[in-house]
Amino acid sequence: MTPQIMTGIFIGLLAWFLVRCILSGFYTVDQNQRAVKTSFGRAQRVGAATTINDPISESLIGDEKQRYIYPQVRVIPPGGPYFKWPWERVYKVSVATETVNMAFDPMAPSANSRGTVLEAVTKDQLNTGLSGQIRYRVADRNLYAYIFGVQNPIAHVMGYFVSILRERIANFEAPEKAVQPEGETRLDAASVQGISINDLRKNLRDINDHMDKECKSSVARYGMVLEASLITGIDPPPEVESALAAINTAHNQVSSDISLAQAAADQKIVQSRRAVEIETLKAQAEVEPLQRLAEQLNTLRGANPGVLALYIRNVKLALLQKAGLIIREVK
């Protein structure tokens with residue numbers, strides 16, 4: 001082999017090394033991304049720190065804290081350029097918030113009416129359809145679970161969310177009404193026990209709040225944050241839609257009648273109270289002069305007993321002047 005060929009081979013190997021190991025070793029991380037670098041397949045870790053001591057694990061209960069322990073990895077922030085060797089690999093993930101239909105099934109996109117309606121069974125054994133959305137994002141505080149701990153994180157998160165939602169729908173009971181003060185009885189048509197679909201529709205906000213609370217552990221489980229769930233529709237089966245409409249109409253009519261009756265009763269009570277106040281004021285107006293006169297007479301009698309007799313005499317004379325006829329008894 002001639003020196004020229006050896007030189008060519010050496011130059012070619014050097015160029016390949018420069019392109020493969022040097023030029024292609026530079027990379028950047030976008031603003032909405034975070035990255036984790038591995039060396040020979042092992043992620044770069046932050047000492048011996050794990051998620052068990054992180055606040056994201058506070059929502060775990062029981063033995064979950066022992067089952068969902070992940071190491072804390074070194075997160076590469078946005079920016080660059082960064083450098084990696086050929087035996088190192090960079091995993092980039094987007095941490096932007098995304099929205100997906102709650103009926104979406106990543107493993108079977110055609111399921112749940114092609115990801116539009118999620119079916120659930122209510123407490124009274126009615127198969128109802130749920131529609132709504134959830135917002136989620138990747139948690140940069142538990143990237144190990146998202147990248148290495150779970151094969152398909154979004155599938156696990158959706159399955160976790162759906163299981164909690166169906167359990168809530170199957171066992172949902174409307175909250176009890178506030179107790180009225182003692183001595184006050186107020187009827188309310190909403191207190192009449194209706195079917196569970198009515199209860200679910202009237203308490204959508206409570207259901208959404210419950211889902212947000214129960215899904216906080218998804219960060220420690222799968223490295224994904226469920227920021228909010230918004231259930232927007234609960235539709236009964238078509239065969240009970242007319243019956244449900246009739247029940248709602250009846251409840252609305254009863255509620256309207258009770259409200260009118262209550263308003264009329266309240267108005268009569270107010271009028272009665274006002275009448276009592278007026279009559280009381282009239283009686284006080286008639287009694288007040290008599291009380292003042294009695295006080296004056298007591299004052300006169302205390303000053304001089306003879307003055308009281310003269311006062312009574314003058315009053316009688318005033319009455320005699322007004323009389324048209326006087327009948328006097330003669331002994």
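Helices here are DSSP runs of H or I with at least four residues, numbered from the N terminus. The model is predicted.

**Exercise 1.** Which residues make the nonpolar surface patch of about 410 Å², and which helix gives the largest share of the patch?

Solution. 
1. The patch is made by Leu-293, Tyr-311, Ile-312, Val-315 and Leu-319.
2. Helix 10 spans residues 305-322 and contributes 4 residues, the largest share.
3. Tyr-311 is found in helix 10.
4. Membership of a patch requires over 30% relative accessible area. The relative accessible area of Tyr-311 is 32%.
5. Exposed means over 50% and buried means under 20%, with partly exposed in between; Tyr-311, at 32%, is therefore partly exposed.

**Exercise 2.** Locate Phe-40 and state whether Phe-40 is buried or exposed.

Solution. 
1. Phe-40 sits in the loop that runs between strand 2 (33-39) and strand 3 (42-43).
2. Its phi is near 55 degrees, which is a positive value in a residue other than glycine.
3. The relative accessible area of Phe-40 is 68%, so Phe-40 is classed as exposed.

**Exercise 3.** Which helix holds Ser-113, and what is the phi of Ser-113?

Solution. 
1. Ser-113 belongs to helix 3, residues 111-115.
2. Phi of Ser-113 is near 55 degrees, again a positive value in a residue other than glycine.
3. Ser-113 has 51% relative accessibility and therefore counts as exposed.

How values were computed
Residues numbered from 1 in each chain as written. Predicted model: local features only at pLDDT ≥ 70, side-chain atom pairs only at ≥ 80, totals over all residues. Heavy atoms only, no water. Patch = residues over 30% accessible without salt bridge, like charges linked within 9 Å, V, L, I, M, F, W, Y side chains within 5 Å. Areas by Shrake-Rupley, 256 points an atom, 1.4 Å probe, with all protein chains shown as cover. Salt bridge = Lys/Arg side-chain N within 4 Å of Asp/Glu carboxyl O. Helix = DSSP H or I, 4+ residues; strand = E, 2+ residues; numbered from the N terminus. Buried < 20%, exposed > 50% of the residue type's maximum accessible area, 1.4 Å probe, protein only.
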